[in-house]
Amino acid sequence: MNYPNFTVISHPLIEHKLTFIRDLTTPKKGFKELVDEVAMLMAYEITKDFPLEEVEIETPICKTKTRIVSGKKVVLVPILRAGLGMVDGILKLIPSARVGHIGLYRDHETLQPVSYYFKIPPQSEDRDFILIDPMLATGGSAIAAVDKLKEVGVKNIKFMCLIAAPEGVKAFCEAHPDVKVFAAGLDEKLNENGYIVPGLGDAGDRLFGTK
Ligand code: URA
């Protein structure tokens with residue numbers, strides 16, 4: 001899809017692992033492990049523009065100048081509940097990241113997402129945020145979550161998902177052209193029940209064994 005802020009992260013390991021994530025015979029334990037592994041591989045790619053700063057350290061041999069990631073700690077924000085399933089994998093790579101949470105439900109009458117929980121670290125205005133939800137379906141929740149983050153002054157936001165539907169990519173990229181979106185796979189469409197086709201089913205149910 002031709003949106004400058006949308007990227008499918010293409011890597012043989014990601015594609016391989018995503019196949020087993022999609023497979024309905026993959027048990028809960030393996031599903032969670034694979035989701036974490038793909039989240040970690042994606043995070044490696046998503047953070048490649050992080051700025052570095054020079055520091056001086058001493059090795060057992062001599063003093064040397066080298067570089068570390070500069071700036072404030074990253075904030076990961078899973079959208080409850082399925083977004084939680086990707087956090088551990090990213091924390092393996094960025095253990096100092098802070099973790100905020102956003103809970104959204106869909107109002108039955110207006111069909112609009114309503115926020116029921118919102119907690120992010122203080123002084124978030126100039127931190128780098130990574131919003132997380134495994135499925136970008138209609139885009140409603142992700143758009144509302146970014147609206148909410150922007151409302152409180154957050155400026156640097158990236159959004160990552162495992163699987164995106166074209167409908168969700170269009171809605172999200174048009175609503176928030178300044179937010180980069182990263183997916184491990186782009187699927188065909190949404191079905192009449194709002195599931196991504198071929199997708200992986202209900203990500204929350206598969207992560208938490210609630211079906
Ligand atoms: N949410 C899911 O968990 N799966 C889909 O296919 C769409 C939305």
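Which residue in the turn of the hairpin formed by E6 and E7 has a positive phi? Leucine 111 does, with a phi of about 65°, and 6 residues lie between the two strands of this hairpin. Helices (H or I, at least four residues) and strands (E, at least two) are DSSP runs, numbered from the N terminus. The model is predicted: local features need pLDDT of at least 70, side-chain atom pairs count only at pLDDT 80 or more, and totals for chains, interfaces and linings use all residues. Residues are numbered from 1 along each chain as its sequence is written, and side-chain values use heavy atoms, with hydrogens and water left out.

E6 and strand E7 (residues 113-119) are antiparallel and share 6 bridges; leucine 104 has serine 115 in E7 as its bridge partner. Strand E6 (residues 101-106) also runs parallel to strand E4 (residues 75-80), to which 2 bridges join it.

An unreviewed UniProt entry places the feature "domain: Phosphoribosyltransferase" at residues 8-210; UniProt positions are given in the numbering used here, feature names are shortened, and annotations may be inferred rather than shown by experiment. In the model, this span is 32% helix and 31% strand, and its end C-alpha atoms lie 29 Å apart.

Charged contacts come next. Side chains of opposite charge can pair when their charged atoms come close. The structure holds 11 salt bridges, each defined as a side-chain nitrogen of Lys or Arg within 4 Å of a carboxyl oxygen of Asp or Glu. For the residues involved, buried means under 20% relative accessible area, exposed over 50%, and partly exposed in between (1.4 Å probe, protein chains only).

One of these salt bridges joins glutamate 37 and lysine 17, with the closest N and O atoms 2.6 Å apart. This pair links distant parts of the chain, as glutamate 37 is in helix H2 (residues 28-46) and lysine 17 in helix H1 (residues 12-22), 20 residues apart. Glutamate 37 is partly exposed at 29% relative accessible area, whereas lysine 17 is buried at 17%.

Another salt bridge brings together lysine 32 and aspartate 88 (3.3 Å, N to O). Here helix H2, which holds lysine 32, is linked to helix H3 (residues 87-93), which holds aspartate 88, and the two residues are 56 residues apart. Lysine 32 is partly exposed at 22%, and aspartate 88 is partly exposed at 41%.

Arginine 81 forms a salt bridge with aspartate 205, and their closest N and O atoms are 2.9 Å apart. Arginine 81 is in the loop between E4 and H3 and aspartate 205 is in helix H6 (residues 203-208), 124 residues apart. Arginine 81 is partly exposed, with a relative accessible area of 36%, while aspartate 205 is buried at 16%. Salt bridges that share partners also join Lys32, Asp36 and Asp88 into one network.

The cysteines remain to be considered. A disulfide is a pair of cysteine sulfur atoms within 2.5 Å, and by this rule the count comes to 0. The sulfur of cysteine 161 is 9.7 Å from the closest cysteine sulfur, in cysteine 173, and is therefore too far for a bond. Cysteine 161 is buried at 0% relative accessibility, whereas cysteine 62 is partly exposed at 40%.

Terms used: Pairing = 2+ DSSP bridges.
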